Amino acid sequence: MAQSAETIRVRGLVQGVGFRPTVWRLARECQLRGDVRNDGAGVLIRVAGDRVDIDRFCDRLRDECPPLARMDSLVRSPLLAPIDTAGFDIVASEATEVQTGVVADAATCEQCREEIFDPGNRRYRYPFTNCTHCGPRLSIVRGIPYDRANTSMSVFPMCPDCGREYVDPADRRFHAQPNACPRCGPRVWLVDRDGRTVDLGGDDAVDVASRRLAAGGIVAIKGIGGFHLACDACNVEAVATLRARKRRYAKPFALMARDLDVVGRFCRLDEQQAGLMCSPAAPIVLLPLNADAAVADGVAPGQSTLGIMLPYSPLHHLLLRDWDRPLVMTSGNLSDEPQCIANDDASARLVGLADLYLLHDREIVNRVDDSVVRVMAGEPRLLRRARGYAPTPILLPPGFGDAPPVLALGGELKNTVGLLHNGQLVLSQHLGDLEDVRTADEYERTIGLYTALFAHRPQVLAVDLHPDYRSTRHGRQLADERGLPVEGVQHHHAHIASVLAENGHPADAGDVLGIALDGLGFGTDGTIWGGEFLRAGYCDFERLASLKPVPMPGATRAILEPWRNTYAQLATHLGWPDCVADYADLPLTRYLQGKPLDTLAVMLERGLNSPLTSSCGRLFDAVAGALGVAVDAISYEGQAAIELEALALPALASADTVYAFAEGRADGIEWLDPAPMWRALLADLAAGVDASIVAARFHLGLAAAVAALAAKLARRHGLDMVALSGGVLQNKTLFEALERHLVDAGLDVLSHRLVPANDGGLALGQAVVAAARRAGSS
């Protein structure tokens, strides 16, 4: 047999996931000598033995990769220096240039779950049980390499038993950095609403919290990435009390259920959705609500779906063990504030919200919200990318491997930041809306954390074109301080570039037709865009068409009060006097006549605080307002559109006709004109057609009209691929109908799966646009 010695370099998500023990086990089974170590680039393996055995080792390493690991590359090189060891060793980490990734927090594995319910196990009922296959990662890490000294577990010295597990390569807790047990690890306790530690009298803190929940109480629970506020989801009074205390009057609450059997009693789920819920990411999954589900109406008012997840930490498993119904598990904060992560912060900010606090002393270093997934057109689509997914690097398409490092600052809402380097992009967890001061502070801290964590030294910064976005201002300030160039990237161009990048569209490939449907984005002409048809590549774009622009009377107030958009649409497309003359008896007409329309008419005529917008989101608001859905005001972003989709769902199969849109042209731009849609909609309302059917006809008509215009533009410009992005396309009904029409028209369709279609994916698009432009100018 031919003897050989090699260096094997493995890059990817290979630290803190049991990769070295797997290498150690496989090398011994393949009768190889050598060693394995972590370093800043990933994992470095040296092996010596028969060439056939080395080949077999590499094949098995690919096939038997640990569940949380991701091998992006395995490169083999001849090793000329001799390997002196007679066996195979795991050696200490080396501090070199950081090129590897931090693994996302992972839900409790089955082995650890069995241990916490085994009375004979030393981790029986221990809320912080974990191993290399599960447990906290991003939420506790401070630096790379991912070793215990660089996490918040550094203050918990391991007892002899945990220490033996930690150093034994054959143990699944080998180098599990959060490894702990009741003897040496973090502890849990209860505090009452007055800040006094609860005397448990020998009781278990988690059991006491569970009993308080069963009695109708509200409990603040410190989890993996932040605090939750929990209550019995079937207790009408408890849910109403939580809404009042949290000042969250309409936005749906997330739920947590003990297991899939409990989930199935309240929601309809298929095998794919069940697999998502049971995955290491354990996201919130949006599921259709059963008609006879006994959850309190206040859990998800105006919705046809529930956002529900399974327990993802031992503490959650223990808490829910005896529950045959879900718990509300909503973020621990007042409405619109960031989630609390520290005990002192929770004691200060959650005063009056909770009856009891379930606390622990493992520091949450990084706030990490729950991720949200919805299955659309047969694929899981991330609506919020956070716990379980971030900061898993996104591999970039061919052509970006040598791109200069880019720091992308994201948008104003649903912000994430992105670090482009070495052919991949690290996208931060969901940070939230930067309009909130606390979120803005967390945003700036996260930028510092990520650039340090990944030793990222940007050569260019990428920002949105909107001059008043906090992210734009902060990016330009950083650029001034560091003497770096800034690339301004138009909002909808970033949306389209994002979907191109996650779908592997090469940097030198041709243009596509991008369709970006969202709430708003600053356009190159100074107006607010949001219903865009773009001929786009990475470097540049051309605006081919849009929804016909309409004023937003009151600007920001029009976003908050849908009736303003309803009036603006009707006044612009049909003329308000004609609407009154033809539909004087409609409840909609009488409702709008009770508003200050004379003032709004002057604002529209003179362009006073009424910016023009082609926003698809505002069109949805206008139609929702016409049907009496959240017509006066919304209490959370997208409420009117979300409830409009819920209204449409029961009638989709019976919507025998759909509303038509017209096409026009002005200033070299094609327009999709909703005037015919409004005429048909008002006629239906006057004829007494059910609002559900009206909502369905609007959804299906808009999808057909967008697809028809897209097909025409694609033919005219010689394009055969369409890229879909923007927050409006998180509407399952619209997205699935639009995709179906585009495919039927013979077009290839690219859409989001790895990052959200909303502004949570902007940083990816900004980064690749900036990188492509820099490469083109070099």
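**Helix packing, a buried glutamate and some cysteines**

Hi everyone, let me start with a helix contact: Pro562, Asn565, Thr566 and Gln569 in helix 15 meet Arg618, Leu619, Asp621, Ala622, Gly625 and Ala626 in helix 19. Sorted by class, this contact of helix 15 with helix 19 has four nonpolar, four polar and two charged residues. Please keep in mind that we are looking at a predicted model.

How do these two helices lie against each other? Helix 15 covers residues 562-573 and helix 19 covers residues 616-626, and they pack at an angle of about 95°, their axes being 7 Å apart. Helix 15 is therefore roughly perpendicular to helix 19, since angles from 65 to 115 degrees count that way.

Now for another pair. Helix 21, residues 675-686, packs with helix 22, residues 691-717, at an angle of about 165°, and here the axes are 10 Å apart. Because an angle over 145 degrees counts as roughly antiparallel, that is the label for helix 21 against helix 22. The crossing of helix 21 and helix 22 is right-handed. If you want to find the contact on the screen, look for Met677, Leu681, Asp684 and Leu685 in helix 21, which meet Val694, Arg697 and Phe698 in helix 22. By class, that contact of helix 21 with helix 22 has five nonpolar, no polar and two charged residues.

Glu487 sits in strand 21, residues 486-489. Is Glu487 buried or exposed? It is buried, because its relative accessible area is 13%, and buried means under 20%. And what surrounds it? Setting aside neighbours within four places in sequence, Glu487 is in contact with Val460, Leu461, Ala462, Val463, Ala770, Arg773 and Arg774. One more distance while we are here: the C-alpha atoms of Glu487 and Leu465 are separated by 8.9 Å, with the two residues 22 apart along the chain.

Last topic, the cysteines. How many disulfides does the rule give? The count comes to zero. Take Cys65: its closest cysteine sulfur is in Cys58, 13 Å away, so that is too far for a bond. Cys65 counts as partly exposed, at 23% relative accessibility.

Cys109 is also worth a look. Its nearest cysteine sulfur belongs to Cys131 and is 3.6 Å away, and Cys109 is in no disulfide, because the sulfur atoms would have to be within 2.5 Å. Cys109 counts as buried, at 14% relative accessibility.

Terms used. Residues numbered from 1 in each chain as written. Predicted model: local features only at pLDDT ≥ 70, side-chain atom pairs only at ≥ 80, totals over all residues. Heavy atoms only, no water. Axes fitted to C-alpha atoms, helices over the stretch in contact; angles between N-to-C directions. Helix = DSSP H or I, 4+ residues; strand = E, 2+ residues; numbered from the N terminus. Parallel < 35°, antiparallel > 145°, perpendicular 65-115°, else oblique. Contact = heavy atoms within 4.5 Å. Nonpolar A, V, L, I, M, F, W, Y, C, P; charged D, E, K, R; others polar. Left-handed = near helix turned anticlockwise from the far one by under 90°. Buried < 20%, exposed > 50% of the residue type's maximum accessible area, 1.4 Å probe, protein only.
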